[in-house]
Amino acid sequence: MTIRVLYFAGLREALGTSGEEMPLPAGVNTAGGLRDHIAARGEPWAQLARARNLRCAVNQTMVGLDAVVKRGDEVAFFPPVTGG
Amino acid sequence: MSVSVREADFDVGAEIAALSVEGGDAGAVASFVGLVRRDRSAGGIRAMTLEHYPGMTEKALAEIVAEARRRWPLMAVRVVHRVGRLLPGDRIVLVAVSSSHRQAAFAGCEFIMDYLKTRAPFWKREETALGSRWVDARESDDDALRRWAGSENS
């Protein structure tokens with residue numbers, strides 16, 4: 001079973017994609033670990049590690065980067081929100 | 001449905017009229033309407049595009065409304081947030097709540113708006129004569145949120 005990773009707003013544009021499906025990488029069990037794994041691909045993905053105030057959601061609930069990620073989860077990375 | 005995310009505009013009068021009926025014995029309705037600011041300076045905003053996270057947005061707004069209902073005795077609540085491309089003067093968001101008395105209505109409406117600003121997954125991109133850019137989050141929005149920490153029925 002895979003995980004679904006989504007990117008929004010300025011981050012989506014910087015990475016050139018709105019998301020991807022991937023197997024849960026071996027050894028990764030938090031949102032922060034997933035971010036580090038993806039950032040390690042090099043540019044443009046390294047921007048994930050440099051992003052100031054990166055926010056994330058697991059299964060559509062906003063959580064900290066220490067949140068647990070398991071197979072089947074939907075994980076989203078995005079900049080601070082600016083609605084209203 | 002108390003929460004709506006859509007491209008279409010909303011009719012403030014019709015929404016408030018519906019809320020007043022739905023609220024039953026409500027004695028107060030408080031509402032807030034957010035607009036795309038008109039900025040006539042040279043570098044002013046010509047248009048704004050709102051992106052969101054379909055699915056999470058509705059869920060986040062419903063959770064914010066539920067939290068407001070836990071804190072104040074609200075009767076009816078309506079949140080409408082537009083997405084897509086909007087022009088200066090266009091309506092962006094409506095929050096309207098009814099209650100028996102004004103204190104709960106004012107507080108509930110302001111609470112929902114403050115939480116929406118920092119918790120609901122919307123992002124604005126502004127277009128000006130010089131190009132377009134993503135709007136940066138404002139620290140004052142986080143400050144507004146902190147006011148509510150620990151406040152119950154205040």
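User: Before we start, when do two strands count as paired?
Analyst: Two strands pair if DSSP finds at least two bridges between them. Keep in mind that this is a predicted model.

User: OK. In β5(B), what is the bridge partner of M48(B)?
Analyst: The partner is L86(B).

User: And how many bridges join β3 and β5 of chain B?
Analyst: Three bridges join them, and the pairing is antiparallel. Strand β3(B) covers residues 45-52.

User: What holds paired strands together in general?
Analyst: Strands of a sheet pair through backbone hydrogen bonds, either parallel or antiparallel.

User: What is the strand order in the sheet of chain B?
Analyst: The order is β5-β3-β7-β8 in an open sheet of four strands, with antiparallel pairing.

User: Which ones are the edge strands?
Analyst: β5 (84-86) and β8 (131-134) of chain B are the edges, since each pairs on one side only.

User: By how much are neighbouring strands turned against each other?
Analyst: On average by 25 degrees, with direction ignored.

User: Switching to chain A. How many helices and strands are there?
Analyst: Chain A has three helices and five strands. Along the sequence the pattern reads β-α-β-α-α-β-β-β.

User: How compact is chain A?
Analyst: Its radius of gyration is 12 Å, close to the 12 Å that the globule rule gives for 84 residues, so chain A is as compact as a globular protein of that length. The C-alpha atoms fill a box of roughly 35 × 30 × 20 Å along the principal axes.

User: What share of its residues is buried?
Analyst: Of the 84 residues in chain A, 45% count as buried.

Terms used. Residues are numbered from 1 along each chain as its sequence is written. Chains are lettered from A and ligands numbered from 1 in the order in which they are written. This is a predicted model: local features need pLDDT of at least 70, side-chain atom pairs count only at pLDDT 80 or more; totals for chains, interfaces and linings use all residues. Side-chain values use heavy atoms; hydrogens and water are left out. Helices (H or I, at least four residues) and strands (E, at least two) are DSSP runs, numbered from the N terminus. Axes are lines fitted to C-alpha atoms, for helices over the stretch in contact, and angles run from 0 to 180 degrees between N-to-C directions. The radius of gyration is taken over C-alpha atoms; the globule rule is 2.2 Å times the number of residues to the power 0.38. Buried means under 20% relative accessible area, exposed over 50%, partly exposed in between (1.4 Å probe, protein chains only).
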